Amino acid sequence: MSALRFMRAVRLVQPGRRLELQELAVPEPGPNDALVRVKAAGVCHSDAHYRAGKSRVDPLPLTLGHEVAGVVQKVGSGVSDFKAGDRVCLHYLATCGECDYCEQGNEQFCGLGKMIGKYRDGGYAEFILMPARSLFHLPDEIPFEHGAILMCSSATSMHALNKARLKAGETVAVFGVGGLGLSAIQLAKAFGAREVFGVDINSAKLSLARELGAIVIDAANVDAVKELKRLTNGRGVDVALELIGLPLTMRQTVQSLAIKGRAALVGITDKTFEIAPYEEVLNKEAEIIGVSDHLASELPLLIEWVRQGKLNLSNIVTRTIPLDADAINETLDGLEKFGADGRVVIKPELNCR
Ligand SMILES: [Zn+2]
Ligand SMILES: [Zn+2]
């Protein structure tokens, strides 16, 4: 086999501009790295933010894409857990593996940690280089498209439920039933939640949530807090997840809590929201918990639940596209307009138009 020298990659050259297809040298793995042939890369809403310049991407130009699954092409001399041909999915942080945060399993705070598709080249390419410690084996039962997207939105939902300390038998309200929320509903059930409520104003998303077993609340027609109270006999829910990033729904997650309830805030906003401290928090010993990213240590159970079918991602991946700058830019346009439901996944082996 002749050596692979060049590859295609779709890259952010300058914020505010369309992504561009470039030809790059295929990277060479260092001793602890793996070179992975990309089979699937999810197009995430945050990629639209990166393209628009709403959050920093550095250095430029840079290959976007942080939801990646593929096949190991080649490993460095120090790598023993993976070999060429292994199916893998990638934890999106390339970390040092040696600092205190990494050693304690809090690697999302690693000072040297670099997110792929943001601070180092990501998966909108034929190949990606990654420290082998960020690779996870992807079981044969899980298609690459699902392996890619479970590493971002599903992992965040898992982390949120872990941070909220959800226990079997408890009730959960999920505010926002897009990709993140549809994962959260299924994961809450896998954790043994007694009842899972899905709150949204989009009827298409609500019907998907209902199919996954959620009791849905259409907040376009009813007051979500009153409805949650009514459906729980006035008690409120034990755990409420806010996946939207709006001050209104943040307050509603807190207001819908039962005694000793936990509100986990995942959606991002730079706005502030109000709470009535005594009535809504102190009196109930409620907790408001911040959620950022996820942990590598949470991924094996998540992957196992996908393998077992407890988390079914078929409804979440709606379309696949080739590794083509126009197709990717159009997908990002759709995400910016906020209309798109479900997930689009890039498959580099599909032919370009
Ligand atoms: Zn993502
Ligand atoms: Zn570290």
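Buried denotes a relative accessible area under 20%, exposed over 50%, and partly exposed anything in between (1.4 Å probe, protein chains only). The model shown is predicted: local features need pLDDT of at least 70, side-chain atom pairs count only at pLDDT 80 or more, and totals for chains, interfaces and linings use all residues. Residues are numbered from 1 along each chain as its sequence is written, chains are lettered from A and ligands numbered from 1 in the order in which they are written, and side-chain values use heavy atoms, with hydrogens and water left out.

View 1. C102 is buried at 13% relative accessibility, and C110 is buried at 7%.

**View 2. S154 is a buried residue of helix α3.** Helix α3 spans residues 144-163; helices (H or I, at least four residues) and strands (E, at least two) are DSSP runs numbered from the N terminus. S154 has a relative accessible area of 0%. Neighbours within four places in sequence aside, S154 is in contact with I149, S183, L187, L302, L311 and L313, contact meaning heavy atoms within 4.5 Å.

**View 3. E280 and R251 form a salt bridge.** The closest N and O atoms of E280 and R251 are 2.8 Å apart, a salt bridge being a side-chain nitrogen of Lys or Arg within 4 Å of a carboxyl oxygen of Asp or Glu. This pair links distant parts of the chain, with E280 in helix α8 (residues 277-282) and R251 in helix α7, 29 residues apart. E280 counts as buried because its relative accessibility is 6%, whereas R251 is partly exposed at 24%.

**View 4. R230 and E227 pair within helix α6.** The closest N and O atoms of this salt bridge are 2.8 Å apart. The two residues are 3 apart in helix α6 (residues 224-231) and therefore separated by about one helical turn. R230 is exposed, at 56% relative accessible area, while E227 is buried at 18%.
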